[in-house]
Amino acid sequence: MRKKELSAIFASFLLAGTVLTACSTSEKQASEGAEEKKQQTVNKEETKKESEIKEVNYAQVFQEATIELEKAKEGKEVDYDKVTNLYKNNLQSLVQDRDAEFEDKLDQHITTALQAGKEGTMDKVVVKQIFDKLMQKVFYTTMKHDFTEVDEKWGNKEEVTKEIEEAKEFYAILQSTVEKRDAAYGTNMVDVIAGGFAEMEKAVEADDQLGFALGKQVVDKTIMKTFYLATGAVPNGYATKAAEAAKADKEEAKVEQAEGWAFYQSLFSYLNGHAPEEAAFIQQQFDLQTDSAKLDPAEVNKAFVRGFSKIALDEYKESEEFWGEDKSPITALEGALFIDIIGEDIKGLIGEAEYGELTEKTQQYLEAAKAKDKKAGEPLLKELQATLQTVIEKAK
């Protein structure tokens, strides 16, 4: 999906050798005819290339498709052919690119859901939620892709700036989701993400690749926190919403469960890489084949807490392994950010004062990693690891 600069398709051809003065008129005409034909071919190829790289306004297309799907909530007819065409002509190639990059099957899920909606074999509101939330995952992973491009193009300020601007455009599509969680939980994630982008831009100007990496982690993990608050957090996650709805309205419960499942897909692969048991349990709970009345939000919440705690432990382990290298403070920050994702849950398990001490130590350890001060870092690391183990035990 990369935004590409239109480059020259054919190089100029220079005729080598001596011009033959004995060239006949017919030979000259034939040569001119060949040149004209070649130029027409060049023009056609350029036109084709321009057509291929025309920009897609992803935000506009996504909004148009979701507005059409939203009609299902109002009991109106949904034009699934319109949505399918919007998807296939504008969004599908982006989804397929991310599927290939992250070994996913989002295109299959989306096309299957749209077809099921058209055939009436899936609740139309469920279809809307699957399309909406899986596309949000695509926009999120495209941001991650852009950040990777920045790393690869570091040193070329113009190209790096373009990649960051593109990431910001995709984030703009997700911002309303972040705002909803901020309103529900009293968090300030919108400001945190804005700060992360500001740090990245500042780092580019200063040619500070470590500073960029740290700002990137703030943006990435804060969006992950958004998805966690939408799924497994108490009391406003979809696990809780679906379980509550199941007591009175099975159809509404299934919609809430579908929203939880689709949002969770943005977290599943990361959790699965560090805490496969917890990841599989949450996936099974949100699976639409699971009776929503049997969905246990308390157990889902505990699984998330254990899972993110295990991820934090792995990040701190990497920080220790790469001590003295840039990766050490980067993974130290990641550990702190994963703790922040479940901060309110940890506070409930170990107490507010103890949680305050934990967050202080995460910051102190990050500073030690930046300064390569092993004497200060080692005892802090042991304390962080011990506290995270306590959290895991209390969340069982």
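Axes are lines fitted to C-alpha atoms, for helices over the stretch in contact, and angles run from 0 to 180 degrees between N-to-C directions. Helices are DSSP runs (H or I, at least four residues), numbered from the N terminus. The model is predicted, so local features need pLDDT of at least 70, side-chain atom pairs count only at pLDDT 80 or more, and totals for chains, interfaces and linings use all residues. Residues are numbered from 1 along each chain as its sequence is written, and side-chain values use heavy atoms, without hydrogens and water.

**Exercise 1.** Determine how helix 13 packs against helix 15.

Step 1. Between helix 13 (residues 327-341) and helix 15 (residues 352-371) the angle is about 165°, and the axes lie 8 Å apart. Helix 13 is therefore roughly antiparallel to helix 15 (an angle over 145 degrees).

Step 2. The crossing is left-handed, meaning that the near helix is turned anticlockwise from the far one by less than a right angle.

Step 3. Contact (heavy atoms within 4.5 Å) joins S328, P329, A332, L333, A336, I339 and D340 of helix 13 to Y355, L358, T362, Y365, L366, A369 and K370 of helix 15.

**Exercise 2.** Determine how helix 2 packs against helix 3.

Step 1. Helix 2 (residues 58-70) and helix 3 (residues 80-102) have axes 10 Å apart, at an angle of about 155°. Helix 2 is thus roughly antiparallel to helix 3.

Step 2. Helix 2 passes helix 3 with a left-handed crossing.

Step 3. Helix 2 contributes Y58, V61, E64, A65, E68 and L69 to the contact, and helix 3 contributes Y80, K82, V83, L86, N90, L91 and L94.

Conventions: Helix = DSSP H or I, 4+ residues; strand = E, 2+ residues; numbered from the N terminus. Parallel < 35°, antiparallel > 145°, perpendicular 65-115°, else oblique.
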